[in-house]
Amino acid sequence: MTILGQDRAVAAFREALDSGSLHHAWLLAGPRGVGKGSFARAAARRVLAGAGGPPVDLPGLDTPPDHRMVRLIDAGSHPDFRLIKREAHESGPKKGELRRGISIDQVRKLQELFAVAPSLGDWRVAIIDCMDELEPQAAQALLKTLEEPPAKSLFLLVSHSPGRLLPTIRSRCRRLDFQTLDQASLDAILQAERPTMSAEDRARLIPLAGGSAGRALDFAELDLGPLAQEALSILRHGDPDNARRSRLASSLALKAAGPRYAAFLDMVPPLIAGEARQAEGMRRLRAAEAYERARETASLAPRLSLDPASTVFALGTIMAEVSGS
């Protein structure tokens, strides 16, 4: 797997790996959707492929998809590898829904991995995706393992908000910072993941993604193009009779529209930011102020369970003010 747009992170990890002095814990920090999880999986494949053989002679973190270690990792059956993420409820009224966090029991299973010798090489690798979802007791349990790691142990810890992690955990990690992706990287990722998507559709979608491949792919999956066009119309021409924002509110208020509503909340702030960059004078000032208000509204709405229709209408009002009409 080639990691696009994060050359510095790839080079730093490869330099440490090739030197034979690979730090035992890496904190992969940066915005959502820029490749941290993909990087962690690619790094795990590279380390375990080299440990179990045959040797890999490819650039970056690439590994052959038919390498026996890679096949085991991808199948979830490599004995020296663990991927920890939120699990789904197995029973009860919330069956199938993801749990709120990563539990202490999941972290204790990691301790079992590091309590025995590796089976297929001399390395053991664990990924936590993501650290921000660790329950407090789970974080404390992980800290104990990080404080006294066994030899040839590698922890790849993904975080979207590293400042919220325990300082004692951060202090035991080498930090790799991941940046938002440029347009060329986003275009290449969309071409690879959505091969039937036209160049024109990619060009319309990329500015809305805010440098996040994850966001771009979600937007493509949810067909947000029409919503974006309606929002842009409000930003540029206003909405004197409330018709545009009412249409948006009605289309996103239905229960079945939940995923599109969540994506719309994610889309509006970068959409306004894009307008601000292109504007001048008072319009630029109005757009900058609207961006801050829209970002706050979009952030608070899910946490406070605000009514979707009212929230969308409020965001439409914020966008309409940018036009000055």
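Two strands pair if DSSP finds at least two bridges between them. Strands (E, at least two residues) and helices (H or I, at least four) are DSSP runs, numbered from the N terminus.

The model is predicted: local features need pLDDT of at least 70, side-chain atom pairs count only at pLDDT 80 or more, and totals for chains, interfaces and linings use all residues. Residues are numbered from 1 along each chain as its sequence is written, and side-chain values use heavy atoms, without hydrogens and water.

**Exercise 1. Find the strand order of the sheet and name its edge strands.**

Step 1. Five strands form an open sheet, ordered S2-S3-S4-S1-S5. The pairing is parallel.
Step 2. Strand S2 (81-84) and strand S5 (174-177) each pair on one side only. They are the edge strands.
Step 3. Neighbouring strands are turned by 15° against each other on average, direction ignored. Axes are lines fitted to C-alpha atoms, for helices over the stretch in contact, and angles run from 0 to 180 degrees between N-to-C directions.

**Exercise 2. Trace the bridge partners of strand S1 (residues 25-29).**

Step 1. Take S5: S1 pairs with S5 in the parallel sense over four bridges. Leu 28 stands opposite Leu 176, and Ala 29 opposite Asp 177.
Step 2. Take S4: five bridges join S1 to this parallel strand. Leu 27 has Leu 157 as its bridge partner there.
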